[in-house]
Amino acid sequence: MTDTLNGGLERKFCQFDATLAVRDGSEIAGYASLFGRVDQGGDIVQSGAYGASLRALEAAGRRVKMLWQHDPAQPSGVWDEVREDERGLYVRGRILREIEKGREAAALIEAGAIDGLSIGYRTKRAEKDAGGRRLLHDLELWEVSLVTFPMLPEARVGAKAESPDSNPMRELAEALQAARHDLAADRPATT
């Protein structure tokens, strides 16, 4: 599943093949993205798509962020390992139970209410195949979120050119705030 945020950041959702579980009090692991599979947005992430981004992050001494539901104001832990293998983008990390969001995330995972991961990224290089599907060759990975399901599943895939003065984190925060507003407006009234 893909949706596009204002500012050109995109997200992909990956439901785990097996149940996401918290081990040893806080550790989680799984695949945040799988290679060669057509997602609901018609995209296919190609093997090696994250390589340059992961090398650049390592060279800069930075990590992929672990967020709660793609909200940059709600980190929920740290990814200790983010790597590509033959299957896809594998992540292993720790939920930080010392913070409120970490405790909530661990409880929801343990109860089975949360069982997915979603990536936040910017497309660097892609092409269309004969069937009109987008083949994603080079992705700039920003974050991997613990999610219930994609926040905007009906949104379409798209890319927006960056302006030289753009601030991707500010754009992400603005997009999330707008999405929260839209979701609240669509929520049915309760009695």
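Visitor: What do buried, exposed and partly exposed mean here?
Guide: The words rest on relative accessible area, computed with a 1.4 Å probe on protein chains only. Buried means under 20%, exposed means over 50%, and what lies in between is partly exposed. This is a predicted model, in which local features need pLDDT of at least 70 and side-chain atom pairs count only at pLDDT 80 or more, while totals for chains, interfaces and linings use all residues. Residues are numbered from 1 along each chain as its sequence is written, and side-chain values use heavy atoms, with hydrogens and water left out.

Visitor: Is Arg63 buried, exposed or partly exposed?
Guide: The relative accessible area of Arg63 is 45%. Arg63 is therefore partly exposed.

Visitor: How many salt bridges are there?
Guide: A salt bridge is a side-chain nitrogen of Lys or Arg within 4 Å of a carboxyl oxygen of Asp or Glu. By this rule the count is nine.

Visitor: How many residues apart in sequence are the parts tied together by Arg63 and Asp80?
Guide: The side chains of Arg63 and Asp80 form a salt bridge at 3.7 Å, N to O. Arg63 sits in the loop between α1 (51–59) and β5 (65–68), and Asp80 in strand β6 (residues 71–84), so the parts that the pair ties together are apart in sequence by 17 residues. Helices (H or I, at least four residues) and strands (E, at least two) are DSSP runs, numbered from the N terminus.

Visitor: Which strand holds Arg94, the salt-bridge partner of Asp80?
Guide: Arg94 and Asp80 meet through their side chains in a salt bridge of 2.7 Å, N to O. The pair links distant parts of the chain, 14 residues apart, with Asp80 in strand β6 and Arg94 in strand β7 (residues 88–95).

Visitor: Which residues are joined into one network with Asp85?
Guide: Asp85 is buried, at 16% relative accessibility, whereas Arg83 is partly exposed, at 33%. Their side chains meet in a salt bridge of 3.3 Å, N to O. Through salt bridges that share partners, Asp85 is joined into one network with Glu81, Arg83 and Arg92.
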